[in-house]
Amino acid sequence: MSTYPITLPTKEERHKLFGSVPPVKGTKPTEKDKMVDLQNTPKNFLFALDAVGISNVKHPVVIQDGDKTQATVATFELSTSLVQDRKGINMSRLTEQLDQYHQEGWVVTNESLIQFARDLAERMEQSEGQLTIRYPWFFTRKAPATGLSGLMNAEVWQTVSVDTETNEATLTVGLTINVTTLCPCSKEISEYSAHNQRGYVTMEASLRDEADDFDWKQELLDAAESNASAPLHPVLKRPDEKRVTEMAYENPRFVEDMVRLIAADLYEMDAIATFFVECRNEETIHQHDAIARITFDKDAQ
Ligand SMILES: Nc1nc2c(ncn2[C@@H]2O[C@H](COP(=O)(O)OP(=O)(O)OP(=O)(O)O)[C@@H](O)[C@H]2O)c(=O)[nH]1
């Protein structure tokens, strides 16, 4: 049984009580220039590597959103290639560069991401730099009848790869948004009603060099939502709810329909070279999900 009030030992004594011990007198150097630089010790390490780096890095960012900017939190993957005769990259330089860009007021655009990847490669003395940035992108959505607005978000990402020797850069963009899909089969066979579900549409596209002013977030969002049974909304009053319910009934979609219709829209966008589309419906009459996917390379046709 404890008795109060108690007299506590000092914090140092408490740490000792719970097992903390003083550091040993070490023999290895503590100054940076006397430490072994294992990463840079040259030897034949059998293979060159495509990508070495860090993933799951959470960081605040400011992104260019049309003619405005938006602050959000992004998850980064930062990497470079690695030559055969070096054991490792100096990984601290990756987050060092991220912090430096942040301190300098970095605004994320396709061009600034390409510059970031190029700087990474140069800082690491490797030929290729790569990065992926993934974040929630917020946009305003109005209710279809009352016009009441609220914020929606889609998960978006950009992957950039730069080869500093050839000076080539590739840019891939992606977006996932959820939509309403209403089952065509259920509508067809039932006396009334039709089951519907929340569909998750994921699109990824590689962009052509000349795609500078392509508003990829808006275009991918439109491709998904305009081909769904109905888009989602943050605010819906009764007249709005009636509208979206009827809209879904007028536009029934299987996952296969979704993927094919979105593929047709992406096929018509000149800025896109290759694309991937997936629709996953969280079924309301099953425990499982329904999925469909397509990958397509326009230049391979
Ligand atoms: N290459 C490599 N580094 C790792 C790995 N795991 C942890 N590290 C990192 O090793 C780092 C040591 O950083 P370095 O960038 O090599 O440090 P440094 O040589 O003092 O840095 P510079 O002054 O830039 O040359 C720490 O940031 C650790 O995160 C790994 O699997 N591979």
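**Note on the ligand site, salt bridges and ring pairs**

1. In this predicted model, an oxygen atom of the ligand sits 2.9 Å from an N or O atom in the side chain of Asn90. A second residue, Ser92, brings a polar side-chain atom to 2.4 Å from an oxygen atom of the ligand. Met91 takes part through its backbone: a polar backbone atom of Met91 is 3.4 Å from a ligand oxygen. Taken alone, the ligand exposes 660 Å², and the protein buries 51% of that.

2. Which residues surround the ligand? They are Lys32, Asp37, Gln39, Ile89, Asn90, Met91, Ser92 and Arg93.

3. A search for salt bridges across the whole structure returns nine. One of them joins the side chains of Glu31 and Lys34, with an N to O distance of 2.8 Å. Glu31 is partly exposed, its relative accessible area being 43%. Lys34, at 54% relative accessibility, counts as exposed, because the limit for that word is over 50%.

4. Another salt bridge is formed by Glu125 and Arg86, whose side chains meet at 3.3 Å, N to O. This pair links distant parts of the chain, 39 residues apart. Glu125 is in the loop between α3 (110-123) and β4 (128-142), while Arg86 is in the loop between β2 (68-82) and α2 (92-103). Are the two partners buried or exposed? Glu125 counts as exposed at 57% relative accessibility, whereas Arg86 is buried, with a relative accessible area of 9%.

5. The side chains of Glu282 and Arg280 also meet in a salt bridge, at 3.4 Å from N to O. Both residues are partly exposed: Glu282 has a relative accessible area of 32%, and Arg280 has one of 24%. Asp289 joins Arg280 and Glu282 in a network of salt bridges.

6. Turning to the aromatic residues, the count of ring pairs comes to seven. Trp106 and Phe116 form a stacked pair, 4.8 Å centre to centre with 15 degrees between the planes. Trp106 lies in the loop between α2 and β3 (107-108) and Phe116 in helix α3, so this pair ties together parts that are 10 residues apart in sequence. Both Trp106 and Phe116 are buried.

7. A pair with another geometry is that of Tyr267 and Phe296, which is edge-to-face: 5.7 Å centre to centre and 80 degrees between the planes. Where in the chain do Tyr267 and Phe296 lie? Tyr267 belongs to helix α7 (residues 255-267) and Phe296 to strand β9 (residues 289-297), so placed that the pair links distant parts of the chain, 29 residues apart. Tyr267 is partly exposed, with a relative accessible area of 47%, and Phe296 is partly exposed at 23%.

8. Phe76, Tyr101, Trp106 and Phe116 are linked by them into a cluster. The stacked pair of Trp106 and Phe116 therefore belongs to this cluster.

9. Arg141 has its place in strand β4. The residue is buried, with a relative accessible area of 12%. What does the side chain of Arg141 meet? A polar contact of 2.6 Å joins the side chains of Arg141 and Glu225.

10. The last point concerns Asp67, found in the loop between β1 (49-65) and β2. Asp67 counts as exposed, at 74% relative accessibility. How many Å separate the C-alpha atoms of Asp67 and His288? The separation is 42 Å, for two residues that are 221 residues apart along the chain.

How values were computed:
Residues are numbered from 1 along each chain as its sequence is written. This is a predicted model: local features need pLDDT of at least 70, side-chain atom pairs count only at pLDDT 80 or more; totals for chains, interfaces and linings use all residues. Side-chain values use heavy atoms; hydrogens and water are left out. A salt bridge is a side-chain nitrogen of Lys or Arg within 4 Å of a carboxyl oxygen of Asp or Glu. Buried means under 20% relative accessible area, exposed over 50%, partly exposed in between (1.4 Å probe, protein chains only). Helices (H or I, at least four residues) and strands (E, at least two) are DSSP runs, numbered from the N terminus. A residue is near a molecule or strand if one of its heavy atoms lies within 4 Å of it. A polar contact is a pair of N or O atoms within 3.5 Å; within protein, one must be able to donate a hydrogen and the other to accept it, and residues adjacent in sequence count only if both atoms are side-chain atoms. Accessible areas come from the Shrake-Rupley method with a 1.4 Å probe; for residues, only the protein chains shown count as cover. Rings of Phe, Tyr and Trp (its six-membered ring) pair if their centres lie within 6.5 Å; planes under 30 degrees apart count as stacked, over 60 as edge-to-face and the rest as tilted.
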